[in-house]
Amino acid sequence: MRRPDLVPDCGNCAALCCVATSFEASDDFAFDKAAGVGCRYLMRDCRCAIHDELAVRGFPGCVAYDCYGAGPRATRAFTGTHDAEQRNEAFLVLRVVHELLWLLTEAAKLCPSSPDDVGAQLALEIEVLDAIARGPAPALLEVDLRPHRDAARALLRRVGVAIGDRRRAVLALGLAPRAPPPRP
Ligand code: SF4
């Protein structure tokens with residue numbers, strides 16, 4: 001089961017995925033939307049006006065989207081402030097940090113103890129990412145994500161080797177079905 005803080009909780013979120021992200025008209029989205037602009041179907045109470053019809057209305061991308069719990073965390077961090085721009089930027093950073101945390105925490109479950117101690121390295125990187133996610137919100141805007149992406153990629157490769165089947169690790173970690181956002 002996924003770590004609880006890495007699960008979307010739309011009832012306790014300012015619908016940040018519907019505001020902070022951008023998307024382009026495609027098979028996944030029916031129109032263009034710029035980052036920082038609320039979706040035209042987003043209602044004042046942060047609910048989606050077409051939530052039950054997203055796929056048939058041309059938004060399978062929304063159905064597949066998973067914030068990995070970044071939405072509620074960014075919403076909490078900026079409650080009582082009025083800086084929507086910073087909140088949106090922080091959400092986009094947290095979304096990456098939370099996805100990496102999800103990948104690494106799931107990898108840690110798969111990883112047996114190994115001579116090169118990949119489990120300890122996983123734990124260390126998880127600790128680093130947790131410190132970023134739990135740290136002061138303004139600091140998120142300064143985070144350089146690239147080294148963390150690189151470190152996670154390298155660790156996942158090592159987990160694949162450690163469990164003896166890289167393809168199985170990639171399938172288990174990279175292509176696991178994503179939960180649709182449980183928007184009420
Ligand atoms: S998926 Fe739900 S919890 Fe995540 S950002 Fe969107 S509305 Fe918020």
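Colleague: What is the secondary structure here, how many helices and strands?
Modeller: This is a predicted model, and the protein in it has seven helices and zero strands. Along the sequence the pattern reads α-α-α-α-α-α-α.

Colleague: What share of the residues count as buried?
Modeller: The protein has 184 residues, and 33% of them count as buried.

Colleague: And what part of the contacts comes from residues 24 or more positions apart?
Modeller: Among contacts with a separation of 6 or more, residues 24 or more positions apart account for 70%.

Colleague: Which ones are buried?
Modeller: The buried residues of H2 are Ala70, Gly71, Pro72, Arg73, Ala74 and Ala77.

Colleague: What covers them?
Modeller: The cover includes H3, which spans 84-110, along with H4 and H5, the latter at 137-140.

Colleague: Take H3 then. At what angle does H2 pack on H3?
Modeller: The angle is about 140°, and the axes are 9 Å apart. The crossing of H2 past H3 is right-handed.

Colleague: Which residues meet there?
Modeller: From H2 they are Ala70, Gly71, Arg73, Ala74 and Ala77, and from H3 they are Arg87, Ala90, Phe91, Leu94, Arg95 and His98. By class, this contact of H2 with H3 has six nonpolar, two polar and three charged residues.

Colleague: Next pair. How do H3 and H4 cross?
Modeller: Their axes come within 10 Å and cross at roughly 155°. H3 is therefore roughly antiparallel to H4. H3 passes H4 in a left-handed crossing.

Colleague: Who makes that contact?
Modeller: H3 contributes Leu94, Val97, His98, Leu100, Leu101, Leu104, Thr105, Ala107 and Ala108. H4 contributes Gly119, Leu122, Ala123, Glu125, Ile126, Leu129, Asp130, Ile132 and Ala133. The contact of H3 with H4 divides into 13 nonpolar, three polar and two charged residues.

Colleague: H4 also packs on H6. What are the angle and the axis distance?
Modeller: H4, residues 118-134, and H6, residues 146-162, pack at about 155° with their axes 10 Å apart. The two are therefore roughly antiparallel to each other. H4 passes H6 in a left-handed crossing.

Colleague: Which residues of H4 and H6 meet?
Modeller: On the H4 side, Val118, Gln121, Leu122, Glu125 and Leu129. On the H6 side, His148, Ala151, Ala152, Leu155, Arg158, Val159 and Ala162. The classes in the contact of H4 with H6 are eight nonpolar, two polar and two charged.

Colleague: Change of topic, the ligand. Which residues come nearest?
Modeller: There are 12 residues around the ligand, and Cys10, Cys13, Cys17, Cys67 and Gly71 come nearest. Gly71 is also one of the buried residues of H2, and Gly71 is among the H2 residues that meet H3.

Colleague: How does the shell around the ligand divide by class?
Modeller: The shell has nine nonpolar, one polar and two charged residues.

Key. Residues numbered from 1 in each chain as written. Predicted model: local features only at pLDDT ≥ 70, side-chain atom pairs only at ≥ 80, totals over all residues. Axes fitted to C-alpha atoms, helices over the stretch in contact; angles between N-to-C directions. Helix = DSSP H or I, 4+ residues; strand = E, 2+ residues; numbered from the N terminus. Parallel < 35°, antiparallel > 145°, perpendicular 65-115°, else oblique. Left-handed = near helix turned anticlockwise from the far one by under 90°. Contact = placed C-beta atoms within 7 Å. Nonpolar A, V, L, I, M, F, W, Y, C, P; charged D, E, K, R; others polar. Buried ≥ 20, exposed ≤ 12 C-beta atoms within 10 Å, placed from the backbone. Near = placed C-beta within 6 Å.
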